[in-house]
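Me: I have a model open and want a quick walk through it. Can we take it topic by topic?

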Number of protein chains: 2
Amino acid sequence: MMQANDPALKSFIPTPSESHFPIQNLPFGVFSNAANPALRVGVAIGDQVLDLAALAESGLLIVSPEVFRQPTLNAFIALGRQTWRSTRASISELLRHDNLKLRDNQALRDKVFVAQDQVTLHLPLEIPGYTDFYSSKEHATNVGSMFRDPANALLPNWLHIPIGYNGRASSVVVSGTPLQRPNGQLKLPDADAPVFGACRKLDFELETGFIIGQPNALGEPIDIANAEQHIFGMVLLNDWSARDLQQWEYVPLGPFNSKSFATSISPWVVTMDALEPFRVASPEQQPQPLPYLQQSGKNGYDINLEVTLTPGEKAQPQTICRTNFKAMYWTMVQQLAHHTVSGCNTRIGDLMGSGTISGNTPDAFGSLLELTWNGKNPLTLADGSQRSFIQDGDEVGMTGWCQGNGYRIGFGVVSGKILPARS
Amino acid sequence: MMQANDPALKSFIPTPSESHFPIQNLPFGVFSNAANPALRVGVAIGDQVLDLAALAESGLLIVSPEVFRQPTLNAFIALGRQTWRSTRASISELLRHDNLKLRDNQALRDKVFVAQDQVTLHLPLEIPGYTDFYSSKEHATNVGSMFRDPANALLPNWLHIPIGYNGRASSVVVSGTPLQRPNGQLKLPDADAPVFGACRKLDFELETGFIIGQPNALGEPIDIANAEQHIFGMVLLNDWSARDLQQWEYVPLGPFNSKSFATSISPWVVTMDALEPFRVASPEQQPQPLPYLQQSGKNGYDINLEVTLTPGEKAQPQTICRTNFKAMYWTMVQQLAHHTVSGCNTRIGDLMGSGTISGNTPDAFGSLLELTWNGKNPLTLADGSQRSFIQDGDEVGMTGWCQGNGYRIGFGVVSGKILPARS
C-alpha cells in the first residue's frame with residue numbers, strides 16, 4: 001500500500017472520522033474565492049481547501065505553479081501518472097501532523113488554506129468527451145422488466161457487452177448548478193400524436209464517472225491489462241433523465257434530448273490511488289466475456305452511495321436510496337477496453353459514466369423510475385407529499401464514500417435543484 | 001444577393017467552370033506546407049490556397065493575423081457572423097480580376113498564395129461536440145424496410161422528430177486520413193454467442209455536416225427563426241459504419257463502437273453565405289411538425305452529391321452513388337431547434353451530421369447497406385470484382401457542389417482509405 005494511504009496517517013488539519021476528506025484522500029478540484037476570484041487547482045483536506053497554486057508558488061511542490069493556475073485539472077493531469085502520484089505524496093507529507101514545515105508556518109498557512117465554506121467549486125475538468133455506460137445488471141433488469149418482458153429482462157447483448165453510448169459533453173455541469181426542467185416532445189398514453197411541453201417524468205440516475213488521465217491514439221486500443229493506468233480518478237455523477245422524452249425519442253438511435261439537457265458531477269476528483277485500499281472483487285460474470293474483456297485481480301470498488309431528495313427550500317434532505325458501487329457487473333477497465341477496442345481514441349478529461357447504480361433491493365435502486373416502478377408506487381416523503389418523479393423546487397443530492405477503519409475516503413456531494421421549465 | 005455571390009464576379013486566379021473554388025465560394029480551411037509547417041487559416045481559390053495569416057500580416061484584412069495563425073478556425077469563428085461576412089467580402093474584393101492591389105503585387109502574391117497541390121490540409125476545427133442526425137426519409141425507410149417491416153418502415157417518432165444521437169467527437173478526422181478496419185463484437189447469423197473479430201460489413205454513409213458558429217447557453221434554446229444565424233458553414237461527412245457491430249450493439253442505447261472508430265470530414269468549410277443562392281424549398285412535411293419545428297422560407301439546399309469507390313492503388317474511382325441534399329426531409333434549422341429545445345447548449349465548432357443522404361432511386365442511396373440491400377445485391381465494379389461492403393485497400397471518396405450558371409460552389413472531397421484491421 002502506498003504510504004499516502006496509511007490509515008494511521010493524521011493531518012494537522014482536523015478531520016473527524018466522518019469527514020470525506022482526511023489526509024488519506026486528497027481529491028483534486030478547481031476553486032475560487034472572494035479574495036481571489038481566479039480559478040485554480042486545490043485539494044480538499046478536512047473542511048479546508050489547500051491552494052496548490054499558492055503552495056507551488058511557495059516552492060513546496062515540484063510542479064510549476066502555472067499548472068495549478070488553470071481553470072481545469074487538465075494541464076495537471078497531462079503531466080502523467082507519476083506526477084499525479086508524486087504530487088499527492090508530497091501533499092500528504094506536507095499535511096502530516098508531525099511535519100512542521102507547513103503546520104508551524106502561520107503566514108504560509110494563511111496563504112495556502114481557504115475554508116471550504118468560503119470557496120466556489122467549479123467544473124474541475126475540460127471534458128472533451130462524455131460516454132455513459134449501462135453496467136448495473138440490477139438496473140438493466142429493472143428497466144427491461146418494466147418496459148419489455150420480466151422473463152427476458154436483459155437484452156441478448158447485455159451479458160456480452162458493457163453497453164454504452166455517447167453523451168453530450170457540453171452540458172456537464174458542476175454540483176450546485178440549478179437546472180431548468182427540460183421541454184420537449186412527449187407522447188401521452190392515449191394520444192395519436194406527440195405534444196410539446198415540459199417533461200412530466202423528470203428523474204435522476206445515481207452514477208459514478210471516471211476521468212481519462214492518459215489518452216490513447218486513434219487506432220490504438222487500450223488493453224484491459226493496462227486500462228487502469230489510463231484512469232485519473234472518479235466523481236459522482238447524476239445523469240438527469242427525462243423519461244417521457246426518452247421513451248418517445250430513443251428508438252432506434254438511443255437517448256438524446258432526454259439526457260443531453262444536463263449531467264451533474266461532483267467537484268472533487270478522487271484519485272484511483274486514494275481508492276486503492278477499497279478494491280473488491282467484482283461480481284462473477286457468466287457467460288465468460290470475450291478475451292478482450294477478461295480481467296484479473298479485483299476491479300470493483302466498495303463505495304457506499306446514497307441519494308437524498310429535498311422537497312423545497314425549507315425541507316430536510318431525505319434519503320431515498322442506499323446502494324454500493326461494488327455490485328456493478330461491468331468494471332471500469334472493461335468499459336475502457338470495450339470503448340477503445342474499435343480503435344476509438346480517448347482524450348485527457350474524458351468522462352465515462354457508470355450507468356445507473358442499482359442494488360438488488362427496492363431501497364437500493366438508483367433512479368425514481370425504479371424506486372417508484374415508473375410511478376406506480378410513489379414514494380411518500382416525510383412531509384407527507386408523494387413523488388413519482390422530481391417536482392419543481394426539489395433538490396437531488398448524491399453522496400458516496402469508502403469506509404475505512406476510523407476514516408472515510410469520500411466524494412463529497414453532487415447536488416442539483418430543479419427549476420420550472422422555460423415557458 | 002450579397003455582392004460576393006455575384007455570378008459575374010471573376011478572379012485573377014483562374015477558376016475553370018468545373019472548379020469547386022471560384023471567387024463566389026471562398027471556403028475556409030486550415031493548412032500547412034513544407035516551406036512553413038505552421039498550421040494556419042486559408043481560403044481556397046481555384047487551385048490555390050490564400051494564406052489569411054500572411055494576408056492579415058500584410059495589413060489587407062481587418063482581422064488580426066493572430067486569429068489566422070491558429071491550428072483551427074475556432075478563433076476566427078468566435079469573432080462572430082459580421083466578421084465572417086466582412087472577411088469574406090474583403091477577400092472577394094482582393095481577388096477580383098479588376099482589383100490591382102494584390103493582382104499586380106508579385107512579391108505579395110508570392111507571400112500569400114500556395115498551390116493546393118503543395119499543402120497539407122488539416123482538420124479545420126476543434127470540435128467540442130459531434131451530433132449525427134437521421135434526416136433522410138428515403139434512408140430511414142430503406143433501413144426500416146430491411147431490418148423491420150417494409151409496410152411500416154418508419155418508426156412512429158420519425159415524422160415528428162428530427163431523430164439524432166450524440167456521436168464521438170474525438171475520432172473525427174480530416175479527409176485523406178487512412179483508417180483501420182475496426183475490430184469488435186459480432187454475432188454471426190447462426191451463432192449463439194458473439195465472437196471478436198474484424199468488422200465484415202464495413203460501410204460508408206454519405207452525409208453533410210454543419211458547423212456551429214454562434215453558440216447558445218445552457219437553458220437557452222435556439223429558436224428556429226434564428227437558427228440559421230448560428231451556423232457557420234457546411235462540410236462533407238463520411239459517417240463510417242460497422243454494420244455487423246452496429247446490429248449487435250445498438251439496442252437499447254444506439255450505435256457506439258460501430259460508429260465511434262472514425263468519422264471523416266472534408267477540409268474546406270463552405271460558408272452559409274456562399275450557399276445562399278442555392279436555397280430551395282425542402283420537402284413538404286406531413287404531418288405538420290410541432291410549432292417549435294415549423295420553419296418559413298426555403299431551408300433546403302441544392303447540393304449535388306456523389307460517392308466514388310476506388311478498389312485499390314492502381315484502380316480508377318468509380319461513381320457508385322449520385323444524389324442531392326435537397327431531398328432531406330428535416331432541415332438544418334429544424335435539427336438545431338430540436339437539439340437545443342431541451343436547453344442543451346452548443347459550442348463553437350460543434351459538428352452536426354445530416355444523417356445518410358439517400359435519394360429515391362437505387363443509384364441514389366447513400367450507403368452500401370442500401371446500395372447492395374445489406375449485401376443481397378452486390379455491386380459489380382469496372383474491374384469485375386464485387387462489393388457488398390468495403391474491402392481492405394478500398395478508398396471511398398465523396399464530393400458535392402452547387403451548380404451555378406457557369407460556375408460551381410464546391411465542397412471539394414472527403415476521402416478515406418481502409419487499412420486492414422489491427423491483428
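Me: Where is Pro252(B)?
Reply: Pro252(B) sits in the loop between helix H8 (243–249) and helix H9 (257–260) of chain B. Helices (H or I, at least four residues) and strands (E, at least two) are DSSP runs, numbered from the N terminus.

Me: What kind of peptide bond joins Val251(B) and Pro252(B), cis or trans?
Reply: Cis, with omega about 0°. In chain A, Val251(A) and Pro252(A) are also joined by a cis peptide bond, and omega there is about -5°. Pro252(A) lies in the loop between H8 and H9 of chain A. Most residues other than glycine have a negative phi, and most peptide bonds are trans.

Me: Which value does phi of Trp373(A) take?
Reply: Near 50°, a positive value in a residue other than glycine. Trp373(A) is in the loop between helix H12 (368–371) and strand E23 (379–380) of chain A.

Me: Before I go on, what are the ground rules here?
Reply: This is a predicted model: local features need pLDDT of at least 70, side-chain atom pairs count only at pLDDT 80 or more, and totals for chains, interfaces and linings use all residues. Residues are numbered from 1 along each chain as its sequence is written, chains are lettered from A and ligands numbered from 1 in the order in which they are written, and side-chain values use heavy atoms, with hydrogens and water left out.

Me: OK, interface. How many residues of chain A are in contact with chain B?
Reply: 61 residues of chain A are in contact with 61 residues of chain B. Contact means heavy atoms within 4.5 Å.

Me: And what area do chain A and chain B bury between them?
Reply: About 5,300 Å², 60% of it on carbon and sulfur atoms. Buried area is the accessible area (1.4 Å probe) that two parts lose on being put together, summed over both. Arg168(A), Leu253(A) and Phe256(A) supply 15% of what chain A buries against chain B, more than any other three residues.

Me: How many salt bridges are there between chain A and chain B?
Reply: Two. A salt bridge is a side-chain nitrogen of Lys or Arg within 4 Å of a carboxyl oxygen of Asp or Glu. Asp350(A) and Arg168(B) form a salt bridge through their side chains (2.6 Å, N to O).

Me: How does the side of chain A that touches chain B divide?
Reply: Into 32 nonpolar, 21 polar and eight charged residues. Ala, Val, Leu, Ile, Met, Phe, Trp, Tyr, Cys and Pro count as nonpolar, Asp, Glu, Lys and Arg as charged, and the others, Gly among them, as polar.

Me: How many salt bridges over all chains?
Reply: 34. Arg40(A) and Asp51(A) make a salt bridge at 2.7 Å, N to O. They are 11 residues apart, with Arg40(A) in strand E2 (residues 40–45) and Asp51(A) in strand E3 of chain A.

Me: What order do the strands take in the open sheet of chain A?
Reply: E4-E3-E2-E1-E5, five strands with antiparallel pairing. Two strands pair if DSSP finds at least two bridges between them.

Me: Why is one side of E4 and of E5 without a neighbour?
Reply: Strand E4 (113–115) and strand E5 (119–122) of chain A stand at the edges with a single partner strand each, so one side of each has no neighbour in the sheet.

Me: What stands opposite Gln48(A)?
Reply: Ala115(A), in E4(A). Strand E3 (residues 48–51) of chain A pairs with E4(A) over three bridges, in the antiparallel sense.
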